[in-house]
Amino acid sequence: VDFSWTPEQQALRAEAREVAADAVARYGWAADSWINGYCPEFARELAGRGWIGISWPKEFGGGGRPAIDRMIIAEELISAGAPVGSYWVAERQMGPSIFTFGTPDQQRRYLPAILAGEATWCIGMSEPGAGSDLASLRTRAVRDGDDFVVNGQKIWTSFGAVSDFIYLICRTSADGPPHAGISELIMPMDSPGIEVRPIRDMAGGAHFCEVFFNDVRVPAANLVGVEGAAFKQTMRQLEHERGGIDRLVSNHALYRRALERADRTDPLVRQEIAALETRYRLGRLLVYREALGQAPKGFSAATKLFCTEHERKVADFVARTFGDEAMLAGDVSRGMCYANSYTIMGGTSNILRNIVAERILGLPR
Amino acid sequence: MDFALSPEQTELQRTVRAFLAEKSDEAAVRRGMDTDAGYDPAVWQQMAGQLGLHGLAIAEEHGGAGFGVQEQAIVFEEMGRAVFCGPYFATVALAAPALALSDAAAEYLPDIAAGALLATVSLDAATAVQSGEDWLLSGELNHVLDGHVAELILVPAGDALFAVAGDAAGLKRELLATVDQTRKQARLTLDAVPARRIGGAAVLDRVLDIAVVLLAAEQVGGASAVLEQTVSYAKVREQFGRPIGSFQAIKHTWSEMLLEVESARAAAQYAAWAADAAPEEFPVAAALAKAHCSEAYSRVATESIQLHGGIGFTWEHRTHLYYKRAKSSELLFGAPAAYRERLVTRLGFTAT
C-alpha cells in the first residue's frame with residue numbers, strides 16, 4: 001500500500017492544473033464540464049498535447065500511459081470546470097470499445113479523429129421503455145444485404161445534437177432472453193432517416209436528446225463485436241462510465257466557490273464541510289483504485305454510487321451556502337437542479353445498489 | 001499509488017488471522033469478557049514471542065521488528081475482526097508510541113516487545129508536585145484502558161509525561177463495568193503517587209493520532225467481519241419462502257454497508273500510510289479516519305442487529321459483541337463530531 005505520487009505524476013498534475021486554468025480563462029468555466037462544456041477548440045489543443053487517449057494502447061494511436069495518468073488529467077480539468085465535453089464520451093467509452101471489440105478497419109476509420117479531438121460521439125442506449133432495464137430495448141436493426149436497417153427511438157442521448165457518430169445499442173434478434181440479441185452499431189449522425197430532438201432538462205440545458213431512427217441504413221461492416229452478443233460489451237463500457245473521476249468532481253468548482261462564502265465560524269457549517277471533505281477524499285481513493293484496476297470486479301457500480309451521492313450533497317451545501325441567491329436563476333440554482341441527474345445517468349442509485357448487492361455481495365435475485 | 005498489500009503484509013495478515021481464529025474465537029473472547037484481567041497470559045506470550053506482534057512497530061534497537069504504523073494497522077484490523085479481548089491496544093497502540101517518543105524508550109520498549117510489560121496511557125491529566133528528586137502525582141484519572149492490570153501507566157501532568165508503576169504506593173485502581181467487556185477500563189485515584197518524569201506531554205498529540213488510526217483499522221476489521229457474517233446469514237435465512245437477502249430493502253441497505261466498509265478501509269489505510277510516509281498529511285488523515293471509521297462500524301453493527309431480528313438482540317448471539325465494541329470505540333478518545341471539528345481545523349479552516 002502506497003498512496004504517494006511519483007514525481008512524474010506530480011508534474012503531470014501541475015501541468016494539467018495550469019492547462020485547466022488557462023482553458024477556463026479563455027473559454028469560460030462550465031459546471032459539469034464533461035457533459036456541458038462543449039468546446040472543440042479546446043479538444044484539439046488537448047489532442048495536440050497527446051492528452052486525448054493518453055492511456056489508450058500505442059498500437060491504436062494512444063499514449064500507452066497508465067490509466068492513472070488519464071485520471072490525473074481528467075481530475076484537474078473537470079475540477080476546474082474546463083470544457084472537455086466535445087471529446088469526453090468518445091475518449092472515455094467509445095474509443096476503448098472500438099479498440100477492444102472493433103475490427104481493424106473500424107479502428108483505422110474512427111480512432112484517429114477521436115484522438116485528434118475532432119469527433120464528438122454519443123451513445124444510443126436508453127429508450128422510452130428501456131431505462132434501468134436496458135436489456136428490454138426495442139430499437140431494431142434488421143439485416144438487408146450488406147446493410148442493417150434501423151428503426152426505433154433512443155432517449156436521454158447526451159450530445160445527440162452535436163455528435164458526428166452515435167454508438168448504437170440495438171436489437172438484432174428478438175429470439176431468446178432479452179439480453180441475447182443485442183448488438184452494437186456505429187452510425188454516422190448525418191445518415192438519412194435520423195431525426196434528433198433536443199430535450200430541455202430541468203436545469204434549463206439541452207445536452208440530451210431524443211433520437212429517432214426511420215429506416216436508417218448502416219453498413220453491416222459497422223457492427224462492433226459479435227452480432228447478438230453485445231450485452232457484455234455494453235456492460236463493459238458502463239464500467240468506464242461508472243468508475244471515473246468525472247462522477248465525483250462534476251460540481252467541485254462550484255464547491256470551491258461556496259467554500260469561500262461559507263460561514264466558517266458556524267459549528268454546523270464546519271461539521272458539514274468536514275463531512276464533505278471526508279467523502280471527497282474517500283471518493284478520490286475509490287476512483288484511484290478503479291483507475292489502477294485494483295478495485296474488486298464490478299465495483300465501479302459501488303464507486304459511482306458513493307461518488308454521485310456525494311455530488312448531490314455538495315450541491316445541497318452550495319445552495320444553502322449561497323442562500324437567497326440560490327432562489328434566482330444562475331450557476332448556483334442550476335447546480336442545485338442539475339445535481340438530481342448525477343444519481344440517474346449511468347445507472348440510478350437504486351439500480352446500482354441492486355447490482356452491488358447481487359454482483360459483489362452475492363445476494364440472491 | 002498502490003492499494004495492494006505487499007507480499008510481506010499479506011503474509012502478516014494471513015498469519016494473524018489464522019492465529020486469532022484459533023486462539024481468540026468467540027468462546028475465548030467471552031471467557032476474557034468474564035474475567036477482570038481480560039486475557040489469557042499463555043496466548044499473550046505467544047502473540048509477543050511466537051508472532052512478534054507486540055514489537056512489530058517498535059524500533060529494532062529496542063527489541064522490536066522496526067515496521068511501521070501500516071503493518072501495525074494490519075494487525076489491528078485482524079484484532080477488530082476477532083473482537084480480541086486483552087490489553088493489546090493499551091500496550092501497543094497507546095503506551096508503545098508514547099514511550100517511543102519519551103526519554104524512557106530504551107528502558108521499557110524491550111519489555112513491551114517481549115510481552116513482559118503491560119502498559120497504558122491516561123489521557124486525563126494528574127497534578128504533579130516536585131519533592132526533592134521525585135515527583136508526586138495526584139488526581140482522578142478516568143477511562144484508563146486496562147489501567148487495572150497495567151504494570152506501567154503513563155500520565156500527563158502539566159507539560160510533562162510521567163511514568164507510574166502499577167503497584168505504586170497511593171495508587172487506587174478500580175475496574176469499571178464497561179458495556180464493551182472486551183476492552184476493560186479503570187478509574188485510577190492517585191494520592192501523592194511517586195512518579196518519574198519521562199518527557200514532555202506534547203507528544204501525546206501524535207500518540208493520540210497514531211492510536212486513533214490503529215483504532216480505525218480495528219473498526220474496519222470489525223465492520224468487515226460483521227458485513228461478511230450478516231450477508232452470509234441473509235443468504236440462508238428464509239422468510240416468505242425465500243432468502244431474506246433477495247429482498248430489495250436488504251440489498252439496498254447492505255450495498256450501502258459495503259460502501260461504509262470499503263470507504264472506511266480506504267480512510268484507515270490512507271491514514272496509516274500517512275503516519276509512516278506523509279507527515280504533513282497525517283494529522284488530517286488521522287482525524288478523518290477516526291470520525292469516518294467510527295461511524296461506519298457503528299452503522300454496520302447496528303444494521304446487522306436489525307437484519308438478524310430477535311436473535312440479534314440476544315446475549316447468546318455475537319452481534320452484540322461487535323455492536324458494543326463499535327459504539328464504545330466510536331466514543332473512545334472523543335466522538336466523531338470532535339474529530340470532524342479537528343479535521344476542518346487541521347485543513348486550515350480557522351473558527352474565527
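This is a predicted model: local features need pLDDT of at least 70, side-chain atom pairs count only at pLDDT 80 or more; totals for chains, interfaces and linings use all residues.
**Stop 1: the largest core**

Start with the largest nonpolar core, which has 225 residues. Select A:Leu77, A:Trp121, B:Tyr88, B:Phe89 and B:Phe333. These residues have the most contacts inside the core. Next, colour helix α7 of chain B, residues 204–236. This helix gives the largest share of the core, 18 residues.

Zoom in on B:Tyr88. Leaving out residues up to four places away in sequence, its contacts are B:Trp44, B:Met47, B:Leu53, B:His54, B:Gln72, B:Val75, B:Phe76, B:Met79 and B:Ala93.

There is also a second, separate core of 18 residues. Pick it up through B:Ala157, B:Ala168, B:Leu188 and B:Ala195, which are among its members. As a general background, nonpolar side chains in soluble globular proteins tend to be buried together.

**Stop 2: a hairpin in chain B**

B:Ala157 leads on to the strands. Show β4(B), residues 152–157, and β5(B). The two pair in the antiparallel sense over six bridges. B:Ala157 in particular stands opposite B:Ala160 in β5(B).

Now look at the turn. β4(B) and β5(B) form a hairpin with two residues between them.

How many of its six residues are buried? Five are, and the strand is mostly covered.

**Stop 3: B:Tyr108**

Go to helix α6 of chain B, residues 105–113, and select B:Tyr108 there. Is this residue buried or exposed? The cut-off for buried is under 20% relative accessible area. B:Tyr108 has 16% relative accessibility, so it counts as buried.

Show what surrounds the residue. Beyond four places in sequence, B:Tyr108 touches B:Leu99, B:Leu117, B:Leu152, B:Ala163 and B:Arg196. For a distance label, take B:Arg206, 98 residues away along the chain from B:Tyr108. Their C-alpha atoms are separated by 19 Å.

**Stop 4: the largest pocket**

Switch to a surface view. The largest pocket has a volume of about 1,600 Å³. Centre the view on A:Gly131, A:Leu238, A:Arg242, A:Gly346 and A:Gly347. Of the 50 lining residues, these are the closest to the pocket's centre.

Colour the contributing elements of chain A. Those giving two or more residues to the lining are α2 (33–36), α5 (85–101), β1 (121–124), β3 (147–158), α7 (231–242), α11 (331–342) and α12 (349–360). Which element gives the largest share of this lining? That is α7(A), with eight residues. By type, the lining divides into 23 nonpolar, 14 polar and 13 charged residues.

**Stop 5: the second largest pocket**

Finish at the second largest pocket, with a volume of about 800 Å³. Its lining has 32 residues. Select A:Glu75, A:Tyr280, A:Arg281, A:Arg284 and A:Tyr288, the closest to its centre.

Show both chains here. Chain A gives two or more residues from each of α1 (7–27), α4 (67–80), α8 (252–261) and α9 (267–291). The largest share, seven residues, comes from α9(A). By type, the lining has 18 nonpolar, four polar and 10 charged residues.

Definitions and conventions:
Residues are numbered from 1 along each chain as its sequence is written. Chains are lettered from A and ligands numbered from 1 in the order in which they are written. Side-chain values use heavy atoms; hydrogens and water are left out. A nonpolar core is a set of buried Ala, Val, Leu, Ile, Met, Phe, Trp, Tyr and Cys residues joined through side-chain atoms within 4.5 Å. Buried means under 20% relative accessible area, exposed over 50%, partly exposed in between (1.4 Å probe, protein chains only). Helices (H or I, at least four residues) and strands (E, at least two) are DSSP runs, numbered from the N terminus. Contact means heavy atoms within 4.5 Å. On a 1 Å grid over the protein atoms alone, a cavity is a set of points where a 1.4 Å probe fits but cannot get out, and a pocket is an open set with protein on both sides within 12 Å along at least five of seven lines; lining residues have an atom within 4 Å of a point. Grid points are joined across faces, edges and corners, and a volume is the space filled by probe spheres set on the points. Ala, Val, Leu, Ile, Met, Phe, Trp, Tyr, Cys and Pro count as nonpolar, Asp, Glu, Lys and Arg as charged, and the others, Gly among them, as polar. Two strands pair if DSSP finds at least two bridges between them.
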